[in-house]
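This briefing is meant to be read beside the sequence and the model. Please keep both in view while going through the points.

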Amino acid sequence: MKWIQSIFWIFLTLCCTNVWSQYQFSGYVDQQNKDTNVYLSLIEDYRKMSGTYQEQIIQKVYPDSTGYFVFTENNLPAKNRIYRIHTDNCSEEEATIHFNGICLNSQEILFIAKNDDKISLPFTKEEEAFCEIISTNERSNTFLKVDSLIENMRYAFSSYRSEANRKVNSIKWFKTLQDFGEQQEEPLTELYIYSFLSNKSNNLYTYYLQDLKQNTYYDKLLERLQEQYPNSPYTKQYETELAADKFSISIKKENTSYWTWIITFFLIISITLNILLFRKLKTKNNAGNPLEEKLTQQEKKILDLILQNKTNKEIASLLFLSVSTIKTHINNLYKKVEVDNREELKALYKNK
């Protein structure tokens, strides 16, 4: 009878472990954020990985006096998904700013996880938060590895700013990033890379379209997504975008088509009108502001991106600079136009 009881308890333990399996995502925030909420978001639109969107948030917690926080539940998908843990020191009254990812002192980390994963986000040796992932899921930290490769790529591009250098490095780094993503055997990591390379606001977008014409990698990625994540939002979104980009390329090839000429004609008119309107608005905004004449060309670029509601991270990506360099430029910008923060800067140009 004892051996029957033993088998029964083993069976019961296995069943309960499976039924009650739950995730646990824990970590620490730094001192300036320990008195604010920490948010866990489920990201199923890979074009919304940067910044924070209210509709993505699935849980929030408040860290203890040491800055420690933990998310634990049993309500996540059983297969890998993309998640973000985010905190900032924006007040509740600044909810609109907060949920558009504009808060200057925000911190976030992206990772891959599933419902039964145990993930820890410890401080690094340099006492930095959200820079290291310890996980039972070996795919969780692949985004951090991709970010490291992208930083190396930006350094290679900035070493010499010429068209020849850009072309050579584009060929090299597209292949480097795509090969790395494929080696991870996790299509979500490849989507993270794809979202960066194919971003229309990215300087690499033109080369992405050229690469799409001749590289079968993108079709193979779709096959991998359909195999591992059939009917998921990621797969449907990628399939739609890929078809749209291929159609865009085909339209450019068929320039003898009557309808192509008509579409091109109206596109040119639309773009021309938008450029004229933009220049008019820009002239109006800049009129009567002698302080702006003190700005360098780099600071003027950063000013325009700030007025477009770009975050520091997005500005750094667009200009191929580090976030710390961007912050230095912004501080110099504030001094020259005589404001103390981003809100005052936007208000200054909004009133012109």
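Residues are numbered from 1 along each chain as its sequence is written, and side-chain values use heavy atoms, with hydrogens and water left out.

**Confidence**

- The protein averages a pLDDT (the predictor's confidence in each residue, from 0 to 100) of 83, and 81% of the residues score at least 70.
- Among the elements of the protein, which are DSSP runs numbered from the N terminus (helices are H or I with at least four residues, strands are E with at least two), confidence is highest in helix α7 (residues 217-228), at a mean of 97, and lowest in helix α1 (residues 2-19), at 42.
- The pLDDT is below 50 over residues 1-19, and this stretch has 2 contacts (heavy atoms within 4.5 Å) in the model beyond near neighbours in sequence.
- Where pLDDT is low, the predicted coordinates should not be read in detail.

**The four-stranded sheet**

- An open sheet is formed by 4 strands in the order β4-β1-β7-β8, with mixed pairing, where two strands pair if DSSP finds at least two bridges between them.
- Strands β4 (68-73) and β8 are the edge strands, each of them pairing on one side only.
- Strand β1 (residues 23-28) runs antiparallel to β4 and is joined to β4 by 6 bridges; Phe25 stands opposite Phe71 in β4.
- Strands of a sheet pair through backbone hydrogen bonds, either parallel or antiparallel.

- Ser140 is found in the loop between β8 (134-135) and α3 (142-159), and Ser140 is buried, with a relative accessible area of 0%; buried means under 20%, exposed over 50%, and partly exposed in between, with a 1.4 Å probe and protein chains only.
- The side chain of Ser140 places a polar atom 2.7 Å from the backbone oxygen of Ile112.
- The side chains of Ser140 and Ser135 are joined by a polar contact of 2.9 Å, a term that stands for a pair of N or O atoms within 3.5 Å, of which, within protein, one must be able to donate a hydrogen and the other to accept it, with residues adjacent in sequence counting only if both atoms are side-chain atoms.
- Leaving aside residues up to four places away in sequence, Ser140 touches Phe111, Ile112, Ile119, Ile133 and Ser135.

**Salt bridges**

- The whole structure holds 13 salt bridges, each being a side-chain nitrogen of Lys or Arg within 4 Å of a carboxyl oxygen of Asp or Glu.
- Arg84 and Glu108 meet through their side chains in a salt bridge (3.6 Å, N to O); Arg84 lies in strand β5 (residues 81-87) and Glu108 in strand β6 (residues 107-113), so the pair ties together parts that are 24 residues apart in sequence.
- Arg84 counts as buried at 0% relative accessibility, whereas Glu108 is partly exposed, with a relative accessible area of 22%.
- Arg84, Glu108 and Lys313 are linked in a network of salt bridges.
- Within helix α3, Glu151 and Arg154 lie 3 residues apart, about one turn of the helix, and their side chains meet in a salt bridge (2.9 Å, N to O); Glu151 is partly exposed at 41%, while Arg154 counts as buried at 12%.
- Lys175 forms a salt bridge with Asp179, the closest N and O atoms being 3.1 Å apart, and both residues lie in helix α4 (residues 163-183), 4 residues apart.

- Helix α4 has 21 residues and reaches 30 Å from its first C-alpha to its last, close to the expected 30 Å, the expected span being 1.5 Å times one less than the number of residues.
- The buried residues of α4, including Trp173, Phe174 and Phe180, pack against α3, α5, α6 (205-214) and α7.
- After α4 comes Glu185, whose phi is positive, near 55 degrees.
- Helix α5 (residues 187-197) is mostly covered, with 11 of its 11 residues buried.
- The N-terminal end of α5 is capped by Glu186, which has a side-chain oxygen 3.0 Å from the backbone nitrogen of Leu188.

Note on methods
This is a predicted model: local features need pLDDT of at least 70, side-chain atom pairs count only at pLDDT 80 or more; totals for chains, interfaces and linings use all residues.
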